[in-house]
Structure formats: C-alpha cells, structure tokens
Amino acid sequence: MAPDAAKAQKSAKAAPKSPKLRSGPPVNGWLVIDKPLGMTSTQVVGRVRRVLQPRKVGHGGTLDPLATGLLPIAMGEATKTVSYVMDGRKSYRFTLRWGQATETDDSEGAVIGEAEGRPDETAIQAVLPGFTGEIEQIPPLYSAIKVGGKRAYDLARAQADFELKPRRVMVHEITLRAMPDRDHAVFDVHCGKGTYMRSLARDLGRACGTLAYITDLRRLTVGPFTETDAISLESLESMGHSPAALEQVLPVETALDDIPALELSETEANRLRCGQAVSMVARANRDRISDLSNGSIVFTTSGGKPVALARYEAGDVHPVRVLNL
C-alpha cells in the first residue's frame with residue numbers, strides 16, 4: 001500500500017464517531033420510578049436515560065438493590081432541585097427477621113450471629129419510643145460512607161478493620177404494622193435524611209434482647225412524591241421515547257412544594273436570571289415578603305413560570321440556582 005494511502009486509512013480509523021444527536025425538545029422535570037427488586041439505583045437511572053435521553057440526569061436518594069419503591073429521577077433543570085428532595089421526609093415499610101444477624105444487616109449478607117429470643121408485641125411496643133425523635137445511629141458497615149477516602153462497603157468486603165461513627169438522624173414516627181409469625185415483624189417508618197433502615201432493624205433487635213436484620217424494604221414516599229406519582233420501569237420502557245412517556249414527567253417545581261413561593265414582575269425576573277439581586281425593601285413589597293425570614297430559600301416565578309431558587313437576605317432576593325425553562 002502506498003504511504004499516502006496507508007496514512008489516509010489510518011486517519012480514517014482514528015477519526016472519532018459523530019455523537020448521536022438527540023432529537024426533540026430538552027426533557028426537564030421529575031420521573032418517579034417504582035424501582036424493582038434486585039437493581040441498583042444507578043442501573044435504573046441508566047435505563048431511564050436510554051428511554052428519555054435527557055441531557056442531564058440525577059436521582060433523589062439511593063435505594064439498595066434489596067429495596068423496592070420510589071426512586072425520583074431528576075432530568076435537565078430538575079437536577080438543580082435534587083438536594084431539596086433528598087433533604088425532605090421519607091417513609092418506608094420494612095420486614096425484619098428476629099433471631100439472626102447478617103454482615104450487611106439485610107438478607108443479602110451471610111449470617112454472622114444467632115439468638116433464641118423472639119420479642120412479643122408488648123416488648124416491641126415498649127422499645128419503640130426510644131427510636132422516635134432525634135436518635136444516634138451507626139450506619140451499616142456495608143454502606144457508601146467514605147472512610148479515609150474509601151467506601152465502607154469496599155473496606156468491609158476486603159475485611160479491613162474500621163469503625164463508623166454514630167450519626168444523629170431524625171425518626172418522626174415508627175409503627176409496628178404486623179407480626180406475620182414469631183420470626184418476623186413489619187414496621188412503617190417516617191424519617192428524615194440519612195436514616196438507615198438496616199441500622200434501625202439491627203438496633204431494634206438489640207433493644208429487644210435479640211438480633212435482627214431486614215428481609216424486605218420498600219420506600220413509600222420521598223419529599224412530595226408518593227406512590228400515586230410512580231410508574232414501573234417496565235411500563236416506561238414499553239412506551240419508548242414517545243409523547244406518552246414524556247407525559248409521565250412531572251414539572252420541575254413539583255419538588256419545591258414545601259418552599260415558599262415568590263411571584264416576580266418580568267423586570268425583576270430578568271434581573272434574577274442575570275445573576276443580580278432584586279430589592280424588596282419598598283413599602284409596596286411588604287405583603288409579598290411578610291412570610292419570609294432572613295436566609296429563607298424561596299422559589300421565584302414570573303407569570304406562573306419558574307425563574308430561580310433564591311435566598312432572601314436583608315430585604316434583597318439573591319439568585320441561588322437559575323432555572324432555564
């Protein structure tokens with residue numbers, strides 16, 4: 001082969017492939033998937049990405065493969081509101097198995113301890129007040145928490161010697177829902193950010209004088225999202241990238257239901273979009289800001305259209321995250 005021809009052939013092989021262009025308008029909003037058993041949250045996000053092809057994507061709180069239930073997925077400009085969902089209340093239903101402990105505090109790990117004790121309803125009800133309110137909780141060793149720059153679950157798999165520090169978490173309510181047999185009990189939990197159900201089950205066992213681990217876990221609510229908002233991954237994939245699938249996407253502002261809203265004029269909105277503060281010190285604005293306290297995060301709109309997440313400080317509204325919708 002002639003040198004020039006060989007050079008041309010080599011260049012052709014090395015040329016990068018043109019990226020596949022996404023057609024249609026950008027996807028901005030929340031999709032609530034009812035996560036199936038056995039999948040990681042990352043796997044679910046990947047499959048949603050293939051169907052709807054959003055430019056940006058994230059999720060509102062990881063679920064273990066063992067868990068099912070609500071996995072809110074943020075797309076496009078909704079990714080700017082993820083922290084408000086993750087910081088919101090959550091509710092779960094879990095089944096625990098009395099009398100055994102596992103290395104992962106759930107049924108995916110090997111059994112590492114056994115005990116004869118099986119608490120009755122009276123014994124269980126007696127310990128529940130100790131798990132309500134702000135409590136200290138040690139996360140499971142098999143968790144994503146970083147220790148010295150490494151994930152705890154990687155250290156645990158390598159059988160490294162390490163400890164996790166207790167954390168303060170909020171449990172608003174825990175209720176004994178059912179006792180299907182002497183080995184199992186079902187609980188409903190309403191809690192705040194960072195509460196581990198596996199740790200809760202483990203600690204309930206200890207408080208009842210025995211051992212325990214989770215056999216089944218379902219997330220029922222996340223922030224403003226409930227099971228009525230959810231769609232199965234299978235149903236979404238059957239729709240493909242179609243108008244029917246896009247109709248399942250909830251507006252960006254759905255995640256901001258608990259945040260005070262502030263309506264702006266078009267002139268004020270444009271200032272905020274340009275990164276400039278908007279003054280609210282004029283007497284005419286007193287009614288508009290009467291419910292705001294210094295440092296409050298507000299959801300600003302103009303003409304009913306989202307503008308930005310902003311902070312109210314000393315009479316001014318400062319942009320925090322501008323929503324390009």
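The legends below describe close-up views of a predicted model.

**View A. Helix α9 and the strands it packs against.** Helix α9 spans residues 266-273, and Glu268, Ala269 and Leu272 are buried in it. These buried residues line one face of the helix, because they fall within an arc of 100 degrees when seen down the axis of α9. They pack against β15 (278-279), β16 (297-302), β17 (305-313) and β18 (316-322). Gly275 follows α9 and has a positive phi, near 85 degrees.

View B. Tyr312 counts as buried because its relative accessibility is 10%, where the cut-off is under 20%. Beyond its neighbours within four places in sequence, Tyr312 is in contact with residues including Met280, Ile289, Leu292 and Val317.

**View C. Salt bridges of Glu77 with Lys56 and Lys80.** The N to O distance is 3.8 Å for Glu77 and Lys56. Glu77 lies in the loop between β3 (67-75) and α3 (82-86) and Lys56 in the loop between α2 (41-52) and β2 (57-59), so this pair ties together parts that are 21 residues apart in sequence. For Lys80 and Glu77 the N to O distance is 2.7 Å. Glu77 is buried, with a relative accessible area of 8%; Lys80 is also buried, while Lys56 is partly exposed at 37%.

**View D. Salt bridge between Asp188 and Arg93.** The side chains meet at 2.6 Å, N to O. Asp188 is in strand β11 (residues 184-191) and Arg93 in strand β4 (residues 90-98), so the pair ties together parts that are 95 residues apart in sequence. Asp188 is buried, with a relative accessible area of 15%, and Arg93 is partly exposed, with 28%.

Key
Residues are numbered from 1 along each chain as its sequence is written. This is a predicted model: local features need pLDDT of at least 70, side-chain atom pairs count only at pLDDT 80 or more; totals for chains, interfaces and linings use all residues. Side-chain values use heavy atoms; hydrogens and water are left out. Buried means under 20% relative accessible area, exposed over 50%, partly exposed in between (1.4 Å probe, protein chains only). Helices (H or I, at least four residues) and strands (E, at least two) are DSSP runs, numbered from the N terminus. The arc is that of the directions from the helix axis to the C-beta atoms. Contact means heavy atoms within 4.5 Å. A salt bridge is a side-chain nitrogen of Lys or Arg within 4 Å of a carboxyl oxygen of Asp or Glu.
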